[in-house]
Amino acid sequence: EERMSNSAAQEQSFFKWINVQLAKRNSHIDSLKTGFQDGMKFALLIEILSGKPVPGIKPPARRIQAINNVTQCIYFLQNERKIRFQGISAEDVCDGNVKIILALIFRLITHFQLHDESQPTPTNNTFNAKTKHNMLERINTKLYPNGPEVKNFNKDFQNGQVNENLIRAQDPTYQSNADNPLDKIKNGMETLDKQYGVAPIVEAKDIAAGTADESGFIVYLSMCM
């Protein structure tokens with residue numbers, strides 16, 4: 001099976017993360033390109049994440065009204081949450097510019113999911129060294145004293161043991177009963193989903209191969225914390 005490019009894998013992970021949030025209000029988007037074009041689902045996502053409604057949002061009849069909705073969302077994030085943006089415009093979102101939308105979602109993830117303001121101008125939607133270090137510390141604190149220290153987001157996860165140890169931190173009796181790393185990872189992700197509500201926004205086969213998009217995988221791990 002041909003592996004997805006990192007950009008496609010990241011797009012899939014972020015798309016799934018959005019729908020995990022929107023599902024809390026029985027909503028969803030069908031694609032990153034079209035999902036926020038009128039600003040309505042974008043405003044709903046922000047309300048779910050922040051606990052506050054975005055003012056001035058109305059069902060748009062024309063493009064200028066859709067742009068106004070997205071503009072109101074960006075203003076809200078800048079003024080209420082002090083989130084800094086660079087190179088992101090409402091017009092890009094309304095035009096379905098997936099690259100810009102991914103950058104926008106990355107900022108929401110760093111602020112609301114990781115509570116990290118250490119990188120106001122991310123490059124290529126990748127987490128900086130400080131963010132990665134902080135996540136590894138969180139993982140190792142959660143795992144202590146049940147497993148070896150985790151030092152990276154690829155090789156150390158390939159055998160499935162870290163997944164098992166993350167679950168055992170919650171349930172010491174957990175056993176995956178799998179004979180190979182891929183099945184260990186699959187069983188672990190299924191347990192995290194069904195018992196703890198951690199949706200599988202990354203692919204088990206990519207984790208096993210050590211090729212998972214790092215940003216998407218870090219987001220997934222933050223959901224496990």
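**Close-up views of a predicted model**

View 1. Glu190 and Lys194 are joined side chain to side chain by a salt bridge, with N and O 3.0 Å apart. A salt bridge here is a side-chain nitrogen of Lys or Arg within 4 Å of a carboxyl oxygen of Asp or Glu. Both residues belong to helix 9 (residues 181-196) and sit four residues apart, about one turn of the helix. Helices are DSSP runs of H or I with at least four residues, numbered from the N terminus. Glu190 is partly exposed at 42% relative accessibility, whereas Lys194 is exposed at 65%. The classes are buried, under 20% relative accessible area; exposed, over 50%; and partly exposed, in between (1.4 Å probe, protein chains only). The model is predicted, so local features need pLDDT of at least 70 and side-chain atom pairs count only at pLDDT 80 or more, while totals for chains, interfaces and linings use all residues. Residues are numbered from 1 along each chain as its sequence is written, and side-chain values use heavy atoms, with hydrogens and water left out.

**View 2. The salt bridge between Arg25 and Glu47.** The search of the whole structure finds eight salt bridges. One of them pairs Arg25 with Glu47, whose closest N and O atoms are 3.5 Å apart. Arg25 is in the loop between helix 1 and helix 2 (32-35) and Glu47 is in helix 3 (residues 40-50), so the pair ties together parts 22 residues apart in sequence. Arg25 is partly exposed, at 42% relative accessibility. Glu47 is also partly exposed, with a relative accessible area of 23%.

**View 3. The salt bridge between Arg63 and Asp95.** In this salt bridge, the N to O distance between the side chains of Asp95 and Arg63 is 2.8 Å. Arg63 belongs to helix 4 (residues 63-80) and Asp95 to the loop between helix 5 (90-94) and helix 6 (98-113), so the contact ties together parts that are 32 residues apart in sequence. Asp95 is partly exposed at 43% relative accessibility, and Arg63 is partly exposed at 44%.

**View 4. Trp17 in the largest nonpolar core.** The largest nonpolar core has 68 residues, of which Trp17, Phe42, Ile105 and Leu108 touch the most other members. The largest share of this core, nine residues, is supplied by helix 6. Such a core is a set of buried Ala, Val, Leu, Ile, Met, Phe, Trp, Tyr and Cys residues joined through side-chain atoms within 4.5 Å. Leaving aside residues up to four places away in sequence, Trp17 touches Leu49, Ile105, Leu108, Ile109, Gln113, Ile201, Val219 and Met223. Contact means heavy atoms within 4.5 Å.

**View 5. The largest cavity.** This cavity holds about 60 Å³ of space. Its lining consists of Ala9, Gln12, Ser13, Ile201, Val202, Glu203, Asp206, Ala212 and Asp213. Helix 1 (residues 6-22) gives the largest share of the lining, three residues. A cavity is a set of points, on a 1 Å grid over the protein atoms alone, where a 1.4 Å probe fits but cannot get out; lining residues have an atom within 4 Å of a point. Grid points are joined across faces, edges and corners, and the volume is the space filled by probe spheres set on the points.

View 6. His133 is in helix 7 (residues 129-143) and is partly exposed at 45% relative accessibility.

Methods. On a 1 Å grid over the protein atoms alone, a cavity is a set of points where a 1.4 Å probe fits but cannot get out, and a pocket is an open set with protein on both sides within 12 Å along at least five of seven lines; lining residues have an atom within 4 Å of a point. Helices (H or I, at least four residues) and strands (E, at least two) are DSSP runs, numbered from the N terminus.
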